[in-house]
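The following exercises are intended for a reader who meets this structure for the first time. Each task is followed by a solution in steps.

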Amino acid sequence: MDYKIEEKSKELANLILDSEEYQNYLEAKQNLYRNPERAQRLQSFRKKNFEVQNGCDDSSVMVELMRLAEEYQQDLEYVVVSEYLNAELRLCKVMQNVNRILVEGINMNMDFLNQ
């Protein structure tokens, strides 16, 4: 990798680490992991959610996601869990925005996504 690109990538990573979104994520994660059992249940939910979204055919995804939400409903109602998931989502949006800016900035052909 070009040295300048690598250095700027490290700078960007450090900016993200210093961001409010990342700091909020860390705080929410620490709060969640104060209860290891609850954290483990959430990780189980996240794993199953990921598997459903990436492994099911389109016709069964919604049914499986609804079943999963029902199975973990009590866990998802804890404030510490919802705060963690919201903080994670905000951090993911930062990362998605960075990726979008990079792709648009280098004029990478992604037209197939709009079809």
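**Exercise 1: Charges and surface**

Task: State how far apart the mean positions of the positive and negative charges of the protein chain are.

Solution. The protein chain carries 14 positive and 21 negative charges, and their mean positions are 4 Å apart. Here Lys and Arg count as positive and Asp and Glu as negative, while His and the chain ends are not counted; each charge is placed at NZ of Lys, CZ of Arg, CG of Asp or CD of Glu. The model is a predicted one, in which local features need pLDDT of at least 70 and side-chain atom pairs count only at pLDDT 80 or more, whereas totals for chains, interfaces and linings use all residues. Residues are numbered from 1 along each chain as its sequence is written, and side-chain values use heavy atoms, with hydrogens and water left out. The accessible surface of the protein chain (Shrake-Rupley method, 1.4 Å probe) comes to about 9100 Å², and 52% of this belongs to carbon and sulfur atoms.

**Exercise 2: Overall form**

Task: Determine which elements make up the protein chain, and explain why the chain is described as more spread out than a compact globule.

Solution. Step one is to list the elements. The protein chain has six helices and zero strands, where helices (H or I, at least four residues) and strands (E, at least two) are DSSP runs numbered from the N terminus. Their order from the N terminus is α-α-α-α-α-α. The C-alpha trace spans about 45 × 40 × 20 Å along its principal axes. Step three concerns burial: 19% of the 115 residues are buried, that is, under 20% relative accessible area, with exposed meaning over 50% and partly exposed in between (1.4 Å probe, protein chains only).

**Exercise 3: The aromatic cluster**

Task: Identify which residues are linked into a cluster by ring pairs.

Solution. Rings of Phe, Tyr and Trp (its six-membered ring) pair if their centres lie within 6.5 Å; planes under 30 degrees apart count as stacked, over 60 as edge-to-face and the rest as tilted. The structure holds three aromatic pairs. One of them joins Tyr-22 and Tyr-25 in a tilted arrangement, 6.0 Å centre to centre with 35° between the planes. Both residues lie in helix 2 (residues 20-32), three residues apart, about one turn of the helix. Tyr-25 also forms a tilted pair with Tyr-84, at 5.6 Å centre to centre and 40° between the planes. Tyr-84 belongs to helix 6 (residues 79-105) and Tyr-25 to helix 2, so this pair ties together parts that are 59 residues apart in sequence. Tyr-25 and Tyr-84 are both buried.

**Exercise 4: Two residues and their contacts**

Task: Is Asp-75 buried or exposed, and which residues does Asn-49 contact?

Solution. Asp-75 lies in helix 5 (residues 73-76) and is buried, with a relative accessible area of 15%. Not counting residues up to four places away in sequence, Asp-75 touches Arg-41 and Val-81; contact means heavy atoms within 4.5 Å. Asn-49, in helix 3 (residues 36-55), is in contact with Leu-65 and Leu-68 when neighbours within four places in sequence are left aside.

Note on methods
The radius of gyration is taken over C-alpha atoms; the globule rule is 2.2 Å times the number of residues to the power 0.38.
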